[in-house]
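Welcome, and thanks for taking a look at this one. Please keep the viewer open while you read, so that you can follow each point on the structure.

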Amino acid sequence: IKVSIDGKEAEVDPAEAKEYEQALSVFRKGDFSGAASSFGDFVRRYSQSPYLSLSLFWLGNAQYANRDYKEAIRNFNALIAKAPNHMRAADSLMSVASCQLELKETAAARKTLGDLVKTYPGTEAASAAKERLSKLK
C-alpha cells in the first residue's frame, strides 16, 4: 500500500503498516514496556522499512521512559547514523544527551549537546541544547 511517512510517499506491505501503527498505539497509551517490545520486534523484522527511522525514534523514547538509557542511546544513535537528515535526528541527539545526563555522564552530554548545536543549527533542539549547555557549566 502507499503511505506517507514524514511527508514522503512510500510503498509498504499492509502488515508492516499495521504493525507500525499498533506499536505506536501501544506507545501512545503509555505502555512503554510493551512499546519497546513492539518497536524492537518491528526493527528486527523490517530492517529495510521506510518506517525504520521513526521506529528507532519511538523505540529509543520507550526505552528512555523505562530507564533503559544505554539501549535508548544505541537506538537514537542508530537513527542518526542511518538518517542524519531525518526530521527526528536533532531530537534524537537531544535524547542521547538526556540519557547521558541520567547516566551521570555529564562530559559526554556536554559534547553531545555541543555537537547538536553545530550539526543542527536553527532547530528547536539546538535552541534547547544551548539552554541546557548554559545550565551545565
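In which helix do Lys 111 and Asp 115 both lie, and how many residues apart are they? They belong to helix H6 and are 4 residues apart, about one turn of the helix. Please bear in mind that this is a predicted model.

**Salt bridges within helices**

- Lys 111 and Asp 115 form a salt bridge, and their closest N and O atoms are 2.8 Å apart.
- Lys 111 counts as exposed because its relative accessibility is 53%, and Asp 115, at 25%, counts as partly exposed.
- Another pair to look at is Arg 44 with Asp 41, a salt bridge in which the closest N and O atoms are 2.8 Å apart.
- Helix H2 (residues 32–45) holds both Arg 44 and Asp 41, which are 3 residues apart, about one turn of the helix.
- Arg 44 has 62% relative accessibility, so this residue counts as exposed, while Asp 41 is partly exposed at 31%.

**The hairpin and its charged residues**

- Strand S1 (residues 2–5) pairs with S2 in the antiparallel sense, over 4 bridges.
- The two strands S1 and S2 make a hairpin with 2 residues between them, and Asp 6 in the turn has a positive phi of about 55°.
- Lys 8 is found in strand S2, which covers residues 8–11, and Ile 5 stands opposite Lys 8.
- Lys 8 counts as exposed because its relative accessibility is 60%.
- Along the chain, Lys 8 and Ala 81 are 73 residues apart, and their C-alpha atoms are separated by 20 Å.
- Lys 2 forms a salt bridge with Glu 11, where the closest N and O atoms are 3.9 Å apart.
- In total, the count comes to 6 salt bridges.

**Helix H4 and its packing**

- Helix H4 spans residues 69–82 and has 14 residues.
- From its first C-alpha to its last, H4 reaches 20 Å, close to the 20 Å expected at 1.5 Å a residue.
- The buried residues of H4 are Tyr 69, Ala 72, Ile 73, Asn 75, Phe 76, Leu 79 and Ile 80.
- Which helices do the buried residues of H4 pack against? They pack against helix H3 (52–65) and helix H5 (89–102).

- Thr 112 lies in helix H6, which covers residues 106–119.
- Is Thr 112 buried or exposed? Thr 112 has a relative accessible area of 9%, so this residue is buried, the cut-off being under 20%.
- Leaving aside residues up to four places away in sequence, Thr 112 touches Leu 93, Val 96, Ala 97 and Gln 100.

Technical notes:
Residues numbered from 1 in each chain as written. Predicted model: local features only at pLDDT ≥ 70, side-chain atom pairs only at ≥ 80, totals over all residues. Heavy atoms only, no water. Expected span 1.5 Å × (residues − 1). Buried < 20%, exposed > 50% of the residue type's maximum accessible area, 1.4 Å probe, protein only. Contact = heavy atoms within 4.5 Å. Salt bridge = Lys/Arg side-chain N within 4 Å of Asp/Glu carboxyl O. Pairing = 2+ DSSP bridges.
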